[in-house]
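Please look through the model below with its fold, its ligand shell and its backbone in mind. The paragraphs that follow take up these topics in turn.

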Amino acid sequence: MSTTADKIKAIEDEMAKTQKNKATEFHLGQLKAKLAKLRRELLTPTGGGGGGGVGFDVAKTGIATVGFVGFPSVGKSTLLSKLTGTHSEAAAYEFTTLTTVPGTIKYKGAKIQMLDLPGIIEGAKDGRGRGKQVIAVTRTCNLLFIVLDVNKPLKHKQIIEYELEGFGIRINKTPPDILLKKKEKGGINITNTVPLTRLTKDEIRAVMTEYRLNSADIQFRCDATVDDLIDVIEAKNRKYLPAVYVLNKIDSFSIQELELMYKIPNAVPISSGKGWNLDDLLEMMWDRLNLVRAYTKPKGRLPDFNEPVVLKNGNSSIEDFCKSIHKSLVDDFKTALVYGSSVKHQPQYVGLSHVLQDEDVVTILKK
Ligand SMILES: Nc1nc2c(ncn2[C@@H]2O[C@H](COP(=O)(O)OP(=O)(O)OP(=O)(O)O)[C@@H](O)[C@H]2O)c(=O)[nH]1
Ligand SMILES: [K+]
Ligand SMILES: [Mg+2]
């Protein structure tokens, strides 16, 4: 019996030899949808073992987790040791790291977890090496450091991205703006608010047929591709993650290629070995994590600027603030006095639903 990986390979081969034209659009659309379904099987344990695995289940600590992913020997472990002070074995041979090694860093008052991971290689998503377990861990992170060795071909960047994508991870992207409403009957009704230049009706129908979606309203609010449509259908299995490209080993690197490197968006050149430019890396990490610091100010005293309450953007209401201090604080809550960019008047009385912004100062008044 052929495995899921074999089936994926067969479809990829067929797609590679099928020319895209009007006559093959339906067929290609169907193949893409089939491929997406098979890849989903790989994600779930029943479909051939995704999930964690020995040495991969790490307790989460801190407000956010950053996962280090990359080819073997690009310097992930060296970086973890430098940034967190937790020793992770580093050596010149590939696959030195075989499990997840966690460390933590305190940055701008926020405790952030960092996970050093084993190297991944081409084909990881289809079961090569420990790739599947590694990628399964990256899905649980809030941010990825995609570590690249600047002495290696830039193609490695694409390979890593392709591997992550195969596992439903979408890097530095937002979900496609397509509204999909499944219905009991009435057929497929397609509308669009912008011209669709990259997707044909045939492709849409092929995908919908493959997913047995016979009745639905689909509204395209972006110039979507067939992959975007599949992502929306598979929304439950998609993970949208910010990532920073860490261009490592700039100490052993010729200056000509430097210009090329600076053209990569979301990238920071560093040397983990020499500790160069780690400040810039942390600054970009902080920016991408999008955290909110709120300083508590006890009534009649100065705010405590050393120990902020750190919240995630999107979960930074006064209620979230109270809960992160103590469960009972919400019950005792009367009102809050806020200074900072989230309020018009300085200070201003606000309720539990008020949303805080970075560096606000908060006084909670109890009943
Ligand atoms: N020149 C240079 N060498 C580095 C740098 N960072 C790491 N190295 C070297 O690169 C080799 C691999 O480093 P590791 O930290 O083990 O790399 P890794 O990505 O964790 O490797 P695996 O765990 O095997 O996937 C070691 O010999 C390091 O000393 C750097 O910034 N510059
Ligand atoms: K290594
Ligand atoms: Mg390592």
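In what follows, Ala, Val, Leu, Ile, Met, Phe, Trp, Tyr, Cys and Pro count as nonpolar, Asp, Glu, Lys and Arg as charged, and the others, Gly among them, as polar. With that division, the shell around ligand 1 has 13 polar, seven nonpolar and five charged residues. This is a predicted model, in which local features need pLDDT of at least 70 and side-chain atom pairs count only at pLDDT 80 or more, while totals for chains, interfaces and linings use all residues. Residues are numbered from 1 along each chain as its sequence is written, and chains are lettered from A and ligands numbered from 1 in the order in which they are written.

Of the 25 residues around ligand 1, those that come nearest are Gly-75, Ser-77, Thr-97, Gly-119 and Gly-273, where a residue is near a molecule if its C-beta atom, placed from the backbone, lies within 6 Å of it. Helix 3, residues 76-84, gives the most to this shell, with three residues. Helices (H or I, at least four residues) and strands (E, at least two) are DSSP runs, numbered from the N terminus.

The protein chain as a whole has 11 helices and 16 strands, and its C-alpha atoms fill a box of roughly 75 × 60 × 40 Å, taken along the principal axes. Buried residues make up 34% of its 367 residues; a residue is buried if 20 or more other C-beta atoms lie within 10 Å of its own, exposed if 12 or fewer, and partly exposed in between, with C-beta atoms placed from the backbone. Two residues are in contact if their C-beta atoms, placed from the backbone, lie within 7 Å, and of the contacts with a separation of 6 or more, 65% are between residues 24 or more positions apart.

Two packed helices are described by the angle between their axes and the distance between the axes. Here axes are lines fitted to C-alpha atoms, for helices over the stretch in contact, and angles run from 0 to 180 degrees between N-to-C directions. Helix 6 (residues 201-210) packs with helix 7 (residues 226-233) at an angle of about 30 degrees, the axes being 10 Å apart, and that makes helix 6 roughly parallel to helix 7. Angles under 35 degrees count as roughly parallel, over 145 as roughly antiparallel, 65 to 115 as roughly perpendicular and the rest as oblique. In this pair Glu-203, Ile-204 and Val-207 of helix 6 meet Val-226, Leu-229 and Ile-230 of helix 7, a contact with five nonpolar residues, one charged and no polar.

Helix 2 (residues 25-43) also packs with helix 7, at an angle of about 40 degrees and with the axes 10 Å apart, and these two helices are therefore oblique to each other. Gly-29, Lys-32, Ala-33 and Ala-36 of helix 2 make this contact with Val-226, Asp-227 and Ile-230 of helix 7, and its residues divide into four nonpolar, one polar and two charged.

Most residues other than glycine have a negative phi, and most peptide bonds are trans. Lys-108, in the loop between strand 2 (101-107) and strand 3 (110-116), has a positive phi near 50 degrees and is partly exposed, with 14 other C-beta atoms within 10 Å. Lys-249 has a positive phi near 70 degrees and is buried, with 23 other C-beta atoms within 10 Å. A cis peptide bond, with omega about -5 degrees, joins Gln-346 and Pro-347, and Pro-347 lies in the loop between strand 14 (333-339) and strand 15 (348-350).
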